[in-house]
Amino acid sequence: MDTYIDIIKNSYTGYWNYIKQSILMELNWENYFYGLIIISLIVWGLEIIFPWRKNQPLFRKDFWLDTFYMFFNFFLLNLIVLIALSNTAEQLFDDVLGLVGLSVASFQLFDINTFPYWARITVFFIIIDFVQWFTHTLLHRYEFLWNFHKVHHSVKQMGFAAHLRYHWMEPVVYNSMKYIPLAIMGGFTAQDVAIVHFFNITIGHLNHANINWDYGWLKYILNNPRMHIWHHAKELPPEKKMGVNFGITLSIWDYIFKTNYIPYNGRDIELGFEGDEKFPKDFIHQELYPIGKK
């Protein structure tokens, strides 16, 4: 028990020190705080220069709510619970495996750090993106998970900051699903994670931005604003009711598994979900919403 208490305490102090170092600019490439700010300002600038929906306000509906979500989900959530929960769960998993004479290394099929640099980054990125695509489909398929995911789909006017509007349970689900493939791949460097993470944030911001882009032939590989707007469509055909265009960074999974859907230019489609007019409009009640659902 003392081990778990120490893990929790070290998680809080360690992440708090990381946030302070980030804000004070004592970190280099791993500074997610200013990395998020820089990426957000660049993509917001692109929205201003190349607006797709020209009648959409610069400070669109729920702009400040989504901005709060960005920093809450990216930093405060980690400090409040996520890092401590993740580290404790990892230790518990290791301890349970130890009872039967196994360890995480027992599942390791290959050590990604033995790969050439380009291969290490590519394999890590592709495997994690597929796991996230699959997890995203589950968020739409099962009512229990969908009630959490509704927070993200409550956006009524699309903009870059909507990317990180999501319930705190979502990263718990995503990280749980990613743990096994990460164990199979073996160790990976923090710099690898940072590079992939910053790339994913950039594409995610662009996917939700008010920009009329699809990257030409790359649209079959990379998710893009023209494609992702349909993921947020309020009205879909009966056969697509479970959702479409689940890609996180890569769109190729949707084309492979036939979940792609772009029937026409979706610039002016209504966003949301059935019954969203009754969905809470403020942060606290949105976070509490799934608790009241069966």
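Biologist: Hi! Which side chain meets Glu-270 in a salt bridge?
Modeller: The side chain of Lys-234 meets Glu-270, at 3.5 Å from N to O. A salt bridge here is a side-chain nitrogen of Lys or Arg within 4 Å of a carboxyl oxygen of Asp or Glu. Keep in mind that this is a predicted model: local features need pLDDT of at least 70, side-chain atom pairs count only at pLDDT 80 or more, and totals for chains, interfaces and linings use all residues. Residues are numbered from 1 along each chain as its sequence is written, and side-chain values use heavy atoms, leaving out hydrogens and water.

Biologist: And where do Glu-270 and Lys-234 lie?
Modeller: Glu-270 lies in the loop between α9 (252-256) and α10 (283-288), and Lys-234 in the loop between α8 and α9, so the pair ties together parts that are 36 residues apart in sequence. The helices are DSSP runs of H or I with at least four residues, and strands would be runs of E with at least two, numbered from the N terminus.

Biologist: Is Lys-234 buried or exposed?
Modeller: Lys-234 is buried, with a relative accessible area of 17%. Glu-270 is partly exposed, at 46%. Buried means under 20% relative accessible area, exposed over 50%, and partly exposed in between, using a 1.4 Å probe and protein chains only.

Biologist: Which residues are linked with them in a network of salt bridges?
Modeller: The network links Lys-156, Lys-234, Glu-270, Asp-276 and Glu-277.

Biologist: How many salt bridges does the count come to?
Modeller: The count comes to ten. One of them joins Asp-66 and Arg-165, with the closest N and O atoms 2.5 Å apart. Asp-66 lies in helix α3 (residues 63-99) and Arg-165 in the loop between α5 (143-153) and α6, so this pair ties together parts that are 99 residues apart in sequence. Both residues, Asp-66 and Arg-165, are buried.

Biologist: What does Asp-214 form a salt bridge with?
Modeller: Asp-214 pairs with Arg-226, the closest N and O atoms being 3.1 Å apart. Asp-214 is in the loop between α7 and α8, while Arg-226 is in helix α8, twelve residues apart. Asp-214 counts as buried at 16% relative accessibility, whereas Arg-226 counts as partly exposed at 33%.

Biologist: Staying with that loop, what is Asn-210 in contact with?
Modeller: Asn-210 sits in the loop between α7 (190-208) and α8 (225-231). Leaving aside neighbours within four places in sequence, Asn-210 is in contact with Glu-47, Phe-50, Pro-51, Trp-52, Arg-53, Gln-56, Met-158 and Gly-159. Contact means heavy atoms within 4.5 Å. Asn-210 is buried, with a relative accessible area of 4%.

Biologist: New topic: aromatics. How many aromatic pairs does a search of the whole structure find?
Modeller: The search finds 31 aromatic pairs. Rings of Phe, Tyr and Trp (its six-membered ring) pair if their centres lie within 6.5 Å; planes under 30 degrees apart count as stacked, over 60 as edge-to-face and the rest as tilted. The rings of Phe-33 and Tyr-34 have centres 5.0 Å apart and planes at 90 degrees, so that pair is edge-to-face. Phe-33 is buried at 17%, and Tyr-34 is partly exposed at 26%. Phe-63 and Trp-64 also make an edge-to-face pair, with ring centres 4.9 Å apart and planes at 90 degrees. Phe-63 counts as buried at 5% relative accessibility, but Trp-64 counts as exposed at 57%.

Biologist: Which residues form one aromatic cluster?
Modeller: Tyr-32, Phe-33, Tyr-34, Phe-71, Phe-74, Phe-75 and Phe-198 do.

Biologist: Now α6. Where does the kink in α6 lie?
Modeller: The kink is at Tyr-179, about 30 degrees, shortly before the proline Pro-181. The bend at a residue is the angle between axes fitted to the seven residues ending there and the seven starting there. Pro-181 is among the buried residues of α6, as are Tyr-174 and Lys-178.

Biologist: Last one: what about the phi of Asn-245?
Modeller: Asn-245 has a positive phi of about 50 degrees although it is not a glycine. Asn-245 lies in the loop between α8 and α9 and is buried, at 1% relative accessible area. Lys-258 has a positive phi of about 60 degrees, and is not a glycine either. Lys-258 is in the loop between α9 and α10 and counts as exposed, at 64% relative accessibility.
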